Amino acid sequence: MPSRPGLLECIERYFAVAPLPDARVERAGALDVPLADPAWPYPARPRRDGDGAPVTVADVRAAIALQQAAGLPAALEWIPECSPEVAAAARAAGMPVEDLPLLVADDPVDLVLPSGVRLFLVGADDPALADYQRVAAIAFAHPGGAADVGEAPVDTAAEAAARTAVLRERIADGRTVMMVAMEDGEPVAVGSHQPIDIDDDSQVSEIVGVATLPRLRGRGLGAGLVSALVAHAQETADLVFLAAGDDDVARVYERIGFARIATTGVAELPAPEV
């Protein structure tokens with residue numbers, strides 16, 4: 001595995017390149033602020049090719065203003081080991097801050113899914129794509145639940161359709177590779193990886209959106225899905241990484257061959273009540 005600084009530089013480069021096909025990138029001091037379709041927003045991040053100036057409270061506030069004016073969530077992400085000053089600036093601007101474990105696929109372990117569960121690659125023309133997205137929405141709405149209680153947050157039909165349309169386009173273009181786990185003909189878990197060529201010779205992919213319906217957790221579905229996503233990503237990618245939701249989830253990933261190398265800082269203003 002490359003050195004830790006080399007890995008972090010590759011990941012930083014990945015995040016700098018990721019918005020470019022979709023977004024116009026504005027500057028807010030030492031921050032880059034991608035302005036894209038609200039159906040697929042990107043957070044602001046510290047600019048890696050600038051003059052090395054630290055991110056300030058004023059930069060964060062300017063980024064928030066740009067995002068809100070564009071109808072985007074006010075969101076900021078960074079690697080604290082690379083930009084240690086950002087957390088204090090975000091908090092001073094009124095943004096709650098969370099640190100998530102950042103891991104890379106080191107020595108992946110092939111896992112077998114539970115009996116009766118089958119895994120499928122999702123095509124861009126799959127008519128059930130919106131159903132797979134709903135699995136993720138329910139799972140993320142109940143991160144600790146052991147049973148399906150309640151529903152996912154309700155979006156308007158237009159918002160849901162817009163997200164599905166963007167996802168179809170990304171799958172068709174190869175920028176999102178989505179997998180779904182099916183049991184008895186129903187989707188029970190989903191996840192994706194998002195490959196990006198960071199230069200002419202290197203590809204990096206991030207594993208995102210891994211979600212299992214609450215009533216089916218504890219059966220190894222998530223770990224098996226991540227193992228399959230890593231295997232698929234490594235067919236072309238030189239580096240595969242993810243941010244875990246917490247330390248417990250990070251330990252699960254470490255057991256299937258990931259190595260923790262740093263943290264991801266996340267800050268987002270709550271959506272205004274209407």
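Modeller: Happy to. Here, contact means heavy atoms within 4.5 Å. Keep in mind that this is a predicted model.

Colleague: Let's start with Glu-183, then. Which residue has a side chain joined to that of Glu-183 by a polar contact of 3.0 Å?

Modeller: Glu-183 sits in strand S7, which covers residues 177-183. Leaving aside neighbours within four places in sequence, Glu-183 is in contact with Ser-115, Gly-116, Val-117, Val-188, Leu-216 and Arg-219. The polar contact of 3.0 Å between side chains is with Arg-219.

Colleague: Is Glu-183 buried or exposed?

Modeller: A residue is called buried when its relative accessible area is under 20%. Glu-183 has 17% relative accessibility, so the word for Glu-183 is buried.

Colleague: And Asp-184, is that one buried or exposed?

Modeller: Asp-184 lies in the loop between S7 and strand S8 (186-197). Its phi is near 55 degrees, a positive value in a residue other than glycine. The cut-off for exposed is over 50%. With a relative accessible area of 75%, Asp-184 is therefore exposed.

Colleague: Now the bigger picture. How far apart are the centres of domain 1 and domain 2?

Modeller: The domain assignment gives domain 1 as 7-102 and domain 2 as 117-256. Taken over C-alpha atoms, their centres are separated by 23 Å.

Colleague: How much area do domain 1 and domain 2 bury between them?

Modeller: Start with who touches whom: 18 residues of domain 1 are in contact with 23 residues of domain 2. Tyr-14, Trp-40 and Pro-101 supply 43% of the area that domain 1 buries against domain 2, more than any other three residues. Of the area the two domains bury, 71% is on carbon and sulfur atoms, and the total is about 1,600 Å².

Colleague: How many salt bridges does the rule find across that interface?

Modeller: Side chains of opposite charge can pair when their charged atoms come close. One case is Asp-22 with Arg-170, where the closest N and O atoms are 3.6 Å apart. Across the interface of domain 1 and domain 2, the count is 2.

Colleague: Which element gives the most to the side of domain 1 that touches domain 2?

Modeller: Helix H1 (4-17) and strand S5 (97-105) each supply at least two residues there. The top contributor gives 7 residues, and that is H1.

Colleague: Back to Arg-170 and Asp-22. How many residues apart in sequence are the parts that this pair ties together?

Modeller: The side chains of Arg-170 and Asp-22 meet in a salt bridge. Arg-170 is buried at 6% relative accessibility, while Asp-22 is partly exposed at 31%. Arg-170 lies in helix H5 (residues 157-173) and Asp-22 in the loop between H1 and strand S1 (24-28), so the parts tied together are 148 residues apart.

Colleague: Asp-22 also forms a salt bridge with Arg-175. How far apart are the closest N and O atoms in that pair?

Modeller: This pair also links distant parts of the chain, with Arg-175 in the loop between H5 and S7, 153 residues from Asp-22. Arg-175 is buried, at 18% relative accessibility. The closest N and O atoms of Asp-22 and Arg-175 are apart by 2.9 Å.

Colleague: Last one: how many salt bridges does the structure hold?

Modeller: Among the salt bridges is Arg-260 with Glu-254, at 3.6 Å. There is also a network that links Glu-12, Arg-45, Arg-48 and Glu-77. For the structure, the number of salt bridges is 12.

Methods:
Residues numbered from 1 in each chain as written. Predicted model: local features only at pLDDT ≥ 70, side-chain atom pairs only at ≥ 80, totals over all residues. Heavy atoms only, no water. Domains from an automatic or database assignment. Buried area = accessible area lost by both parts, 1.4 Å probe. Salt bridge = Lys/Arg side-chain N within 4 Å of Asp/Glu carboxyl O. Helix = DSSP H or I, 4+ residues; strand = E, 2+ residues; numbered from the N terminus. Buried < 20%, exposed > 50% of the residue type's maximum accessible area, 1.4 Å probe, protein only. Polar contact = N/O pair within 3.5 Å; in protein donor to acceptor, adjacent residues only side chain to side chain.
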